[in-house]
Amino acid sequence: MDNECFTRQLFIKINEDNLAIFRCCYFTNYEENCQHIKFSELPESDEEFEKLINEKARIKPSTFRDLIPRVEKHCNVSCNLCYSEEPAMVMIHHFGCNLRCIMCAAGPIKPTEEMKKVHTRVLKVFKDVPLLFTTQQGEPFLEKKLIFELLENKKEGKIISTSNLTLLNDNDIEKLAQYKGKFSLISSIDSVSESIYCTMRTPANSNIYHKVISNFEKLASYGLIQENNITITQWNLDLEDLEKTFNWAKNLGVDTKFGVDSGNLKLLNDPVVLTLKEKYPNNWRI
Ligand SMILES: C[S@@+](CC[C@H](N)C(=O)[O-])C[C@H]1O[C@@H](n2cnc3c(N)ncnc32)[C@H](O)[C@@H]1O
Ligand code: SF4
């Protein structure tokens, strides 16, 4: 996926009463190519549901191709994948979460049963895309049973889940290890200092903190963590602490990706962030 165009990423956002489906890249705006389907318009039968979602997921030439001259003007990759219909990667936004992290929009939104049901159906439609991200906002292991079911039935491609690691027990980890190669995790430990971790990942307490650290160590020993995300916010903006977390993961064989709180883009110019960028230029998520 490394050299492939982001226009092949399909985003599915599950809102309160509708699904938003869009393809976008750095140079296009999602609203320009976004299609909404109201829950009330979704067919009951799984077959019809799959047909409808697949049809919407393909690039609509009439809308997307109009955007291509702009992409070509800015994009220096020229892979022409803008023209391809099949998504290479599907990211699902769901918003349900067991935590209420201080920088995240997912926490306060409680998904309804209907949203969860639609999420389950959408995940099944895309189970065989080359890369499936179970949830970009929200905690995928709230639907643990579904993830194991997807893994069991997945014939091709890979499932990646970004997770806070709070909901996994030893039994789950051993089961996940059986799917190595088909499954990997991106963990989100923004600090190995208990006090900073608990301040950011509310309402985490000492037990949750220790469980997450221990889960990370076990998962890393199985080679199941492809990277650790550190989201830099005003609460962990401390060079020493950020490097301590970076090195802790590295010693367990896991690379780090830094990103700044999207609600506080001023952080991009903070001296700590600038120093980290200089020292670790390849460890940033976009
Ligand atoms: C939204 S979470 C969803 C998956 C899972 N619940 C987790 O925490 O890993 C995905 C990633 O987005 C990061 N994130 C949350 N809020 C953010 C924000 N305001 N700006 C940038 N990244 C953010 C999280 O730290 C996490 O690494
Ligand atoms: S655990 Fe993930 S999705 Fe949940 S509130 Fe925290 S960052 Fe957001």
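Reader: How are helices α1 and α3 oriented to each other?
Author: In this predicted model, helix α1 (residues 46-57) and helix α3 (residues 113-125) pack at an angle of about 75°. The two are therefore roughly perpendicular to each other, since angles of 65 to 115 degrees count as such. Their axes are 10 Å apart.

Reader: Which residues make that contact?
Author: On the α1 side they are F49, E50, I53 and N54. Helix α3 contributes R121, V122 and V125.

Reader: And how do those residues divide by class?
Author: The contact of α1 with α3 comprises four nonpolar residues, one polar residue and two charged ones.

Reader: Let us step back. How many helices and strands does the protein chain have?
Author: The protein chain has nine helices and nine strands.

Reader: What do the strands form?
Author: Nine strands form an open sheet with mixed pairing. Their order across the sheet is β3-β2-β1-β4-β5-β6-β7-β8-β9.

Reader: Which strands stand at the edges?
Author: Those are β3 (34-38) and β9 (256-260). Each has a single partner strand, so one side of each is left without a neighbour in the sheet. On average, neighbouring strands of this sheet are turned by 20° against each other, direction ignored.

Reader: What holds strands of a sheet together in general?
Author: Strands of a sheet pair through backbone hydrogen bonds, either parallel or antiparallel.

Reader: In what sense do β1 and β4 pair here?
Author: Strand β1 (residues 9-14) and strand β4 (residues 89-93) pair in the parallel sense, over five bridges. For F11, the bridge partner in β4 is M91.

Reader: What about β7 and β8?
Author: Strand β7 (residues 183-187) and β8 run parallel and are joined by three bridges. There, L185 has I225 of β8 as its bridge partner. Strand β8 also pairs with β9 in the parallel sense, over five bridges. In that pairing, N229 has K257 of β9 as its bridge partner.

Reader: Which residues does I230 touch?
Author: Not counting residues up to four places away in sequence, I230 touches D190, L242, T245, T256 and F258.

Reader: Turning to the ligands, how many residues surround ligand 1?
Author: Ligand 1 is surrounded by 18 residues, and the closest are C104, S188, N229, T231 and S262. Strands β5 (131-137), β6 (158-163) and β8 (225-232) each supply at least two residues of this shell. By class, the shell has four nonpolar, 12 polar and two charged residues.

Reader: And which residues come nearest to ligand 2?
Author: They are C97, C101, C104, A106 and N164, out of 11 residues around ligand 2. This shell has five nonpolar, four polar and two charged residues.

Reader: Where does H94 lie?
Author: H94 lies in the loop between β4 and α3. H94 is buried, with 26 other C-beta atoms within 10 Å. Leaving aside neighbours within four places in sequence, its contacts are I14, P111, H119, T135, Q137 and G138. For T135, which is 41 residues apart from H94 along the chain, the separation of the C-alpha atoms is 6.0 Å.

Reader: Where is the cis peptide bond?
Author: A cis peptide bond joins T202 and P203, with omega at about -5°. P203 lies in the loop between α6 (194-200) and α7 (206-221).

Reader: Finally, what share of the protein chain counts as buried?
Author: Of its 286 residues, 32% count as buried. Among the contacts with a separation of 6 or more, 73% are between residues 24 or more positions apart.

Definitions and conventions:
Residues are numbered from 1 along each chain as its sequence is written. Chains are lettered from A and ligands numbered from 1 in the order in which they are written. This is a predicted model: local features need pLDDT of at least 70, side-chain atom pairs count only at pLDDT 80 or more; totals for chains, interfaces and linings use all residues. Axes are lines fitted to C-alpha atoms, for helices over the stretch in contact, and angles run from 0 to 180 degrees between N-to-C directions. Helices (H or I, at least four residues) and strands (E, at least two) are DSSP runs, numbered from the N terminus. Angles under 35 degrees count as roughly parallel, over 145 as roughly antiparallel, 65 to 115 as roughly perpendicular and the rest as oblique. Two residues are in contact if their C-beta atoms, placed from the backbone, lie within 7 Å. Ala, Val, Leu, Ile, Met, Phe, Trp, Tyr, Cys and Pro count as nonpolar, Asp, Glu, Lys and Arg as charged, and the others, Gly among them, as polar. A residue is near a molecule or strand if its C-beta atom, placed from the backbone, lies within 6 Å of it. A residue is buried if 20 or more other C-beta atoms lie within 10 Å of its own, exposed if 12 or fewer, and partly exposed in between; C-beta atoms are placed from the backbone. Two strands pair if DSSP finds at least two bridges between them.
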